[in-house]
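Thanks, everyone, for making time this morning.

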Amino acid sequence: MTEAVAVKSGTVRFTLDGQPVEAPGGTTILEAARSRGVYIPTLCYLEKLLPIGSCRICSVEVEGVNGPVMSCATPVLEDMAVTTKSDSLAEYRRQMMQFILVNHPVDCPICERSGECSLQDRSFEFNASWQAFKTEDYKKKPVIDWAALRYDKNLCIMCERCVKICREVQGFNALEIDGSGYGAKINTVTRQKLDCDFCGQCLSVCPVGAISSAIILSARSWEIKKVESICPHCGVGCSYHMDLKLGKIVRISSDDNIGVNNGNLCVRGRFGFEAFHSDERIKTPLALKGVKHEPVSWDQALSEVVEKIKETKQKHGPNSVAVLASENLTNEDAYMLQKVMRAGFGVNHIDTMSNMINSDLNAQMFDNYGASSQITSYDEIGKAGAFLFFGCDAANENPVIANMVRMAMRDKGAPLFVASSRDTSDFFPGPDSMMRYKYGTEAYLAASLIKAVTDADIGGLDPDSVADQVDDTAGLVKSAEFINVQDAAKVTGVDFKAIKQTATALALRGAPLIFIGKEIHDHHGSAEIMRALANLANLTGGKTLVYKEHCNSQGANDMGLSPTHLPGYLKADDTGAVEHYNKKWGSDFPAFSSPGPNIFDGLSDGTIKTLIVAGCDPITYYPDGQYVREAIQNAEFLVVSGSFPSETSVLANITLPSCQIAEREGTYTNNEGRVQLIRKAIDRVGQARPEWEIFADIGARLGLDSYLSCEQVADEIADSVPGYQGLTHDNVSGGGGLVSYPRKGKAESFQFNIKPVETGESGSYPFLALIMNSLFHLGPATRRSPTLNRLEPSAYIEMNPEDAEEGSFNEGDKVVVESKQGSILASLKIKNRARKGVVFIPINFENAPAAHLVYRNDPVTRVKISKS
Amino acid sequence: MKLLFSSWLHNLVDNREKSGDSWSDCPSVTLPETFDKERRMTAFMGWGGVVIVSEPYDIVEMAYEYAKSLQASSCAKCFPCRVGTKVIEDLLHVIVEGRGSDDDLDRLATLCHSISKNSKCGIGQLGPKPITDTLLHFKDDYRRYLSGGEKRPGFYYPYKMTAPCTSACPTGMDIPLYIEHVKEENFGASLATIREASVMANMLGRACFHPCENNCRRANVETSLSICKIKRFAWDYEDQHAVGQPVNLNKHTREEKVAVIGGGIAGMVCAYNLALKGYRVTVFEKLPYSGGAARTGIPQYRVPNEVMDKEARYVKEMGVEIKYNVHFGKDETFKSLREKGFKAFFLATGADLSKPMRVEGENDGYDGFYNGIEILHQVKQNLNPVPKRKKTLVIGGGNTAMDCCRTFARLGSDVKIVYRRTEKELPADPHEYKDSLDEGVEYMFLEAPSKIIAENGKIVGLLSQKMKLGEPDESGRRRPKPIEGSEHVIDADCIISAIGQDCDIFYLDEDKQIQVTKWQTPVADEDTMRTDAPDVFAGGDCMTGPATLVDASGQGKRGAQSIDQFIRGEKIRISDTQWMEKIIRKIGAYDKDEVIPVPKGWSRQPMPICDRDKKLGSFEEVELGYTQEQVMDEAGRCMRCYIVGMACVINKGDDKQ
């Protein structure tokens with residue numbers, strides 16, 4: 001026996017085609033060759049997956065071994081002599097291609113994959129131009145309907161990439177090989193119809209045409225022009241290609257080598273593109289005349305807008321005008337909007353729905369921690385020692401981040417802990433613990449984790465060892481002293497063992513990454529919870545990453561879409577800050593004191609007379625939608641910009657058509673604070689214009705500078721907004737650029753407030769309702785994608801099986817969901833995710849707007865459910 | 001063995017031209033006389049080549065059937081095997097139908113070579129060898145088919161897909177599959193695969209003596225796979241993560257009740273398998289806890305109590321009722337349970353009596369004398385505190401002796417093993433022996449006890465006689481002979497007898513149908529586990545005498561199979577596939593001299609061990625278990641040595657299973 005050498009350690013010296021080389025222990029021969037630019041052909045290999053070894057193409061020769069060795073699955077070993085090219089290897093590869101091609105239908109003329117097909121490429125490369133082998137029993141098998149996808153067994157080469165990506169990266173583990181031998185095929189693990197996340201990862205990695213999209217591709221691959229852009233559906237900021245034929249987007253395709261997402265997309269990104277060509281667009285500016293919306297010219301529309309704003313301001317003061325801006329606006333849109341309102345009109349009351357839901361939170365974030373403590377690069381995922389998802393529905397919210405986490409778990413074995421009011425542990429690999437807490441007790445749980453980490457009997461972390469991370473470790477530990485973790489377990493409803501397991505791992509492994517989701521962001525006690533989690537992160541040498549709901553939620557705040565902050569988090573009431581911008585903008589607006597009540601309260605009580613809604617639909621999506629509608633109806637003048645008609649736009653005096661992302665360029669800033677470029681791919685629809693252009697036009701009418709391009713706006717941002725220096729379109733075009741946020745790192749001790757948030761009495765409204773996003777829909781664009789609507793067609797409510805049994809409810813029942821504010825119709829799904837007494841309702845169905853169930857001043861929404 | 005032809009492994013023996021008396025011997029091949037003690041087996045084809053026992057046979061038909069079996073066994077995960085074996089099958093089909101040509105033979109040879117060089121696992125790598133052998137040595141037989149004159153005789157060709165490790169495993173566990181699942185990060189599937197063979201995944205993962213590892217082809221490259229500890233990881237993963245457990249969809253779908261006597265591994269495996277088939281099983285266990293010898297005999301630092309509790313909970317979830325503190329033979333009998341409607345019995349009462357040393361003083365109740373079995377139980381379950389002993393002697397050299405000496409080392413005593421043969425003959429697991437040396441245990445070889453010396457009822461020493469080794473006894477080990485006049489006293493205040501175990505089968509007196517062997521075990525068929533009473537089956541230590549956990553597990557599963565056949569009125573027999581398993585075991589699936597074309601140097605992952613100080617001071621588990629990174633790396637070394645063995649059987653059986 002040869003002396004064995006330990007793998008995954010040290011450096012291994014070997015030869016590659018006669019050249020002496022070195023590589024770290026654990027590297028495969030293929031990886032070592034590739035990193036040196038030595039070509040070894042592959043077919044089933046995919047860098048982001050574990051080695052598969054099914055195609056047998058990557059063979060190499062190793063001295064002393066009588067036969068080919070698969071380079072993808074063999075680690076480099078000391079003194080190994082590897083040869084990557086030889087006649088016998090070429091012959092073997094040709095034979096492997098012949099095997100693969102046996103009975104492969106010569107469907108290239110009609111196959112979707114033609115031109116992008118690994119089989120075509122490798123056959124050509126190895127000159128597999130004649131077939132020595134054949135088998136009997138070749139029968140064409142039907143194509144299988146997998147909802148948003150299709151599977152053709154005739155074309156399948158059983159490389160298993162789809163199986164692996166679904167398991168290792170997507171975590172769903174939906175597919176596997178069914179059968180043995182030549183008759184085997186890919187099938188769902190359940191053997192029922194495919195019912196998964198429909199992320200389409202399997203589609204994107206299939207090297208042949210076996211898996212195709214149900215949206216039949218109407219273009220040949222060589223007819224396609226690719227435009228790289230950023231997905232507009234959530235805060236992750238995935239890169240993808242819009243594939244165009246003759247000016248129409250026919251497909252979204254991914255590319256492992258661009259952006260932050262390593263080629264991964266979610267169902268919204270991949271299948272939500274049909275909205276770009278939807279017919280339901282607002283095509284021209286409209287003016288409300290009586291009860292009808294009549295088309296008018298841009299000039300007419302904008303003159304009226306300018307006049308009305310001036311008039312209102314004159315009569316009632318600058319606080320009588322307000323702007324509600326969408327978090328889907330690009331940085332340029334947002335910047336221009338607030339610049340024109342502030343510098344042009346002297347109007348400061350600008351806000352976003354997210355900030356309004358939790359104004360306290362953002363104040364905390366900006367002032368106490370700088371934006372920085374919550375803004376973390378995705379690179380940290382690969383470095384983290386452990387993962388904690390807190391109040392996150394990680395598989396459905398910002399889903400591609402979950403993919404990154406799964407790959408880190410696969411490669412490093414990092415443990416995962418999930419704390420949420422719904423069991424969201426359908427992760428694969430499974431979390432070490434699932435802490436399903438009672439809604440309202442989050443702050444208590446977070447504080448008890450801090451106590452548990454430093455408690456000598458539980459986590460055992462010595463606070464002195466982290467003195468350089470936490471400002472006042474002694475104070476922090478002392479603040480948590482009063483907490484009894486066993487009591488916390490009882491009150492929060494979480495198993496003590498799970499808390500102990502989490503705290504022990506965090507103390508031992510350190511450097512956790514704590515993800516914080518929408519459930520916490522929208523929570524009435526969110527500031528408390530976020531501070532506790534930030535403290536927990538600092539204490540254990542880790543970081544927090546807050547999920548941003550929309551693609552530019554971060555940028556919206558960065559660009560000052562807030563009544564209290566100017567761009568770059570400079571305060572609106574700070575004369576120095578105001579002076580900085582007045583200098584840049586050549587304007588003369590004053591420092592702004594607090595504008596008073598929030599936009600809807602202001603409309604209700606008559607403080608706000610004129611409202612501009614830029615790109616969003618608060619009546620459908622803002623909590624307490626009925627109140628919002630009444631408040632808006634109270635306005636004297638309403639201007640709405642948007643791409644699609646909405647509940648809000650039907651009330652508008654002036655409606656302005658705006659562009660979707662495919663029609664214009666611009667930048668978004670994602671969860672990480674990375675500014676990324678979207679590119680124009682298709683022509684503008686009708687007379688639509690992007691918001692920056694609309695507001696620049698308004699600004700020009702007030703004598704402000706005019707702008708010829710979006711890029712020009714970006715240049716100005718790079719020049720004047722703190723943190724955005726150098727982030728011009730050119731500089732962010734390849735991989736984006738990180739914003740430099742003011743850093744404030746250390747945690748501080750404070751009084752932990754562990755009193756649970758009031759969740760109301762059972763009484764006549766027995767269920768607590770969690771109203772959040774589902775996976776398939778996020779906003780109006782997704783509702784205009786037929787494929788997404790097929791996958792999730794209508795409003796539903798998710799109920800715990802115990803509750804279902806008590807109420808004699810069955811799966812699929814049509815029910816009336818009623819709160820004291822309103823009611824909706826939905827169909828019932830029974831799942832053991834939320835605790836007993838808690839239901840989940842997605843907010844995204846405009847025909848059953850769950851936002852209408854909410855009463856704005858209550859910390860939670862309670863509902864009753866009856867059969868319809 | 002005298003054979004007509006053999007190309008098995010490296011030895012070619014061709015007696016086809018010779019008359020029966022002048023056949024040369026083939027010493028490297030051993031096959032049983034018949035297929036299943038009834039039908040004739042005239043040929044065997046497998047990874048090592050072709051073996052023809054005698055006429056009649058048809059090599060071309062067999063080659064075709066063998067190719068079919070390869071294709072049916074192919075996992076479809078690599079092109080050469082998945083497609084290649086189909087092409088071979090079709091080519092041979094054409095040939096065996098009389099429509100073949102010489103070109104086809106050449107193509108066949110090329111295919112076999114290509115497939116064997118490029119395949120991902122043993123099916124493709126080793127499968128083509130016998131077909132190549134037929135092309136080399138049986139050209140005339142092929143020619144007869146090519147000319148169109150020959151007709152297929154239609155013999156019967158049962159086959160079994162296995163692997164050297166699987167073949168060595170008494171439960172027939174699909175080891176390469178569960179290792180592959182771990183390699184592919186599919187831990188739940190790995191555990192499900194393990195449980196198909198034996199539900200006691202955790203117990204085996206911590207304490208199995210892993211005969212598989214001694215049959216692992218990777219040892220021919222560097223060292224064997226750490227198969228046992230990979231299994232432990234799969235179980236630990238489910239235990240330590242918030243993932244669901246499988247459910248029994250067949251729970252209580254049948255009305256019949258079955259009684260399993262004894263809640264050790266044999267009984268629990270039998271109960272679990274019957275529950276999966278829908279039966280209502282009750283396990284009657286005399287102790288307050290299940291687990292049998294694993295629970296009472298294996299110390300906490302190897303198999304913690306909590307482990308057994310969790311296994312028991314899982315088995316209960318499947319629909320098995322466990323009644324504790326019920327002593328069969330006293331509290332319940334065959335008669336009482338038959339009256340309560342139990343249709344069948346599985347006896348799994350183990351071997352929990354300490355074998356007497358027949359040494360003066362062992363029965364005098366001296367303070368400081370312990371039976372190995374009892375003292376391990378006492379310590380493991382904290383039954384009574386054990387006073388601290390200064391010098392302990394453990395008589396015996398098997399795993400029980402290991403458990404005793406390491407336990408007492410942890411209890412703070414100086415421990416010596418007294419064994420009558422030498423280190424070479426020590427029956428204990430080599431790594432147990434090594435660990436015991438690490439823990440400070442000393443060994444006195446070639447010593448045997450003559451008399452226990454006590455003062456005032458307390459042990460003060462052992463009178464021991466030196467031995468030398470003479471001729472081998474019936475177990476094959478050299479018999480120790482006392483050296484005259486060599487008796488001497490070894491100081492000690494504690495003596496533990498751990499020389500062997502006996503079975504307590506007093507309850508068999510009730511049913512006179514059941515015969516008993518001279519070793520005090522019920523007579524039972526080694527394959528079907530049936531005794532002479534039609535509704536009584538037996539397995540585990542109580543049937544074989546003290547053996548291993550994994551043997552007991554395999555018997556438990558076969559017991560369930562037989563009980564199921566019995567209750568449904570079917571013939572009680574093992575299937576033809578199971579007969580093939582036995583034949584493959586006989587011919588031997590592992591060749592330690594095989595040269596395997598794989599690069600060398602990928603070493604086995606070391607098992608993390610707890611701190612040495614911690615080791616001796618406490619009963620905390622010594623082995624910490626692999627990390628996920630380690631286990632996935634270790635799993636990558638597995639070469640998936642799947643092989644297919646096929647027999648040619650004359651006279652079709654009544655049911656082809």
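Between them, chain B and chain A bury about 4700 Å², and 56% of that area lies on carbon and sulfur atoms; please keep in mind throughout that this is a predicted model. On the chain B side, the residues that lose the most area to chain A are B:Phe79, B:Asn118 and B:Glu185, which together account for 15% of what that side buries. Counted by residues, the interface brings 49 residues of chain B into contact with 64 residues of chain A.

As for the polar side of this interface, the rule finds 19 residue pairs in polar contact across it, both residues being at pLDDT 80 or more. Where on chain B do the touching residues come from? Helices α1 (59-73), α2 (79-96), α3 (102-118), α11 (227-240) and α23 (628-636) of chain B each supply at least two residues of the side that touches chain A, and α2(B) gives the most, with ten residues. Sorted by class, that side of chain B has 20 nonpolar, 15 polar and 14 charged residues. The rule also finds two salt bridges across the interface of chain B and chain A, and a salt bridge joins the side chains of A:Arg167 and B:Glu184, with an N to O distance of 3.4 Å.

If we leave aside its neighbours within four places in sequence, B:Pro597 is in contact with A:Val65 and A:Asn66. Within its own chain, B:Pro597 is 480 residues away from B:Lys117 in sequence, while the C-alpha to C-alpha distance between them is 9.2 Å.

Finally, chain B as a whole. Chain B has 23 helices and 22 strands, and its C-alpha trace spans about 95 × 60 × 55 Å along the principal axes. For a chain of 657 residues, a compact globule would have a radius of gyration near 26 Å, so the 27 Å of chain B agrees with that expectation. Buried residues make up 60% of the 657 residues in chain B, and, of the contacts in chain B with a separation of 6 or more, 70% are between residues 24 or more positions apart.

Definitions and conventions: Residues numbered from 1 in each chain as written. Chains lettered and ligands numbered in written order. Heavy atoms only, no water. Contact = heavy atoms within 4.5 Å. Buried area = accessible area lost by both parts, 1.4 Å probe. Salt bridge = Lys/Arg side-chain N within 4 Å of Asp/Glu carboxyl O. Polar contact = N/O pair within 3.5 Å; in protein donor to acceptor, adjacent residues only side chain to side chain. Helix = DSSP H or I, 4+ residues; strand = E, 2+ residues; numbered from the N terminus. Nonpolar A, V, L, I, M, F, W, Y, C, P; charged D, E, K, R; others polar. Rg over C-alpha atoms; globule rule 2.2 N^0.38 Å. Buried < 20%, exposed > 50% of the residue type's maximum accessible area, 1.4 Å probe, protein only.
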